[in-house]
Amino acid sequence: MPTRRHALALLAATPFAASCSAGPDAAASWRDLGAGLADPRRFALAHAILAPNPHNTQPWQVAFDGDTGMTLYCDLERRLPFTDPNDRQITLGCGAFLELYRVAASSIGQFAEITMFPEGAPTPRLDERPIAHVTFSPVANAAPDPLFRFITERRTNRNVYDVERVPDDALLLRAVSTIAAFLGGAQWTVQPERVAALRDLVWRAFDRELRTRGAQEETYRWLRFGREEMAQHRDGLGIEGPMIGLLKAAGMMDEADFIDPDSMMNQSAAKDWKKKADSSPAFMWLATPDDRPETRLLVGMAYARLNLATTALGLSIHPWSQALQEYEEMADLYAEARQLLNTDDQTAQMLVRVGYADPVPPAPRRDAAAFVRT
Ligand SMILES: Cc1cc2nc3c(=O)[nH]c(=O)nc-3n(C[C@H](O)[C@H](O)[C@H](O)COP(=O)(O)O)c2cc1C
């Protein structure tokens, strides 16, 4: 029978793992994308569901209309109301989906005309109204978006980064230049003192979240323990490793352990995430002058492009969002983040560490068909 100490050692090895290659496959949606699909909208959908999105809840639902139309809705049950009380981050995830839908369309000679919030922009939170309507029209001699081929290679990389290998400023400029049209660019720092301050901030924000019961309860709902659970749900944050499923079944990784900040499980996780924070050689962030729902969609589109562009340039990125989250328990660190990022009169939308790390496998995704409203 494994002891709690064993459980701890095993968990430390693989927090928030992506999908494993052997056994039931939670990541089948990353292969043979759109093979045999005659309808260009279904081809684009198969790519769009690979978008980055908070906690991998995959909060998208689509309905097709006529021969060329698609309406995107948010699955309101797949939001994160505690840590994302205004649906800001979930809306970013919807923007990321739209960008990948558009990029995939370009690869098959289709122009995607996107109308954001065609029935009005809900505020402060999303509601049943559509997020966007997209219409395809064929374009003669269209050149595919150059980022298309990186859709299946893109990852969120949560490994420890190579702290000695600081990305070159010129390379970071190339990455952010791909999103200049959206926002006028992103900002970054490789400056040692500022990087040190941000490492410290993201770590303390992680620790704060660990000590906030509502946040932990919310995350627990999206944790998938072991290969079987990952393959069953094909969403959420995977925790993988030898015997993880068994340990969970033996009650060694239950919700009470996850909510208790001083449980062995959390002490181990904390050590592990501190290492990740301390290994960050650089940070990037996106900020906007306003925080309207349309702006959030644009930021999500920009973030998707940034993640594709960094992939193309051989860089890894990893969002570290806790300090930007708008819940009461995080308020002081949120204020600190605004100051450190110089975003006092803006909304800081995304903060990521960037650098070089060992590759990670793809995260789970549900079947494309599961996103189509019946
Ligand atoms: C708005 C937004 C916020 C995110 N915040 C975090 C975060 O704080 N920590 C983290 O590890 N990943 C974060 N992510 C990454 C997602 O968890 C990730 O996209 C998802 O698990 C799917 O994995 P993939 O990007 O490798 O496909 C965020 C993504 C988005 C779009």
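User: Two strands pair if DSSP finds at least two bridges between them; what is the order of the four strands in the open sheet?

Analyst: The order is S1-S2-S4-S3, and the pairing is antiparallel. Strands here are DSSP runs of E with at least two residues, helices are runs of H or I with at least four, and both are numbered from the N terminus. The model is a predicted one, in which local features need pLDDT of at least 70 and side-chain atom pairs count only at pLDDT 80 or more, while totals for chains, interfaces and linings use all residues. Residues are numbered from 1 along each chain as its sequence is written, and side-chain values use heavy atoms, with hydrogens and water left out.

User: Which strands are at the edges?

Analyst: Strand S1 (60-65) and strand S3 (110-116) are the edge strands, each pairing on one side only. From one strand to the next, the twist averages 25 degrees; axes are lines fitted to C-alpha atoms (for helices, over the stretch in contact), and angles between N-to-C directions run from 0 to 180 degrees.

User: How many bridges join S2 to S4?

Analyst: Strand S2 (residues 69-74) is joined to strand S4 (residues 132-138) by four bridges. Methionine 70 has valine 134 in S4 as its bridge partner, and glycine 69 stands opposite threonine 135.

User: And what about S3 and S4?

Analyst: S3 and S4 pair over seven bridges, in the antiparallel sense. Threonine 135 in S4 is the bridge partner of glutamate 113.

User: Changing topic: which residues come nearest to the ligand?

Analyst: Arg154, Thr156, Arg158, Ser321 and Arg365 come nearest, out of 20 residues around the ligand. A residue is near a molecule if one of its heavy atoms lies within 4 Å of it.

User: What is the shell around the ligand made of?

Analyst: Its residues divide into nine nonpolar, seven polar and four charged; Asp, Glu, Lys and Arg count as charged, and Gly is among the polar ones. Helix H3 (88-106) and strand S9 (316-319) each supply at least two residues of this shell.

Key. Pairing = 2+ DSSP bridges.
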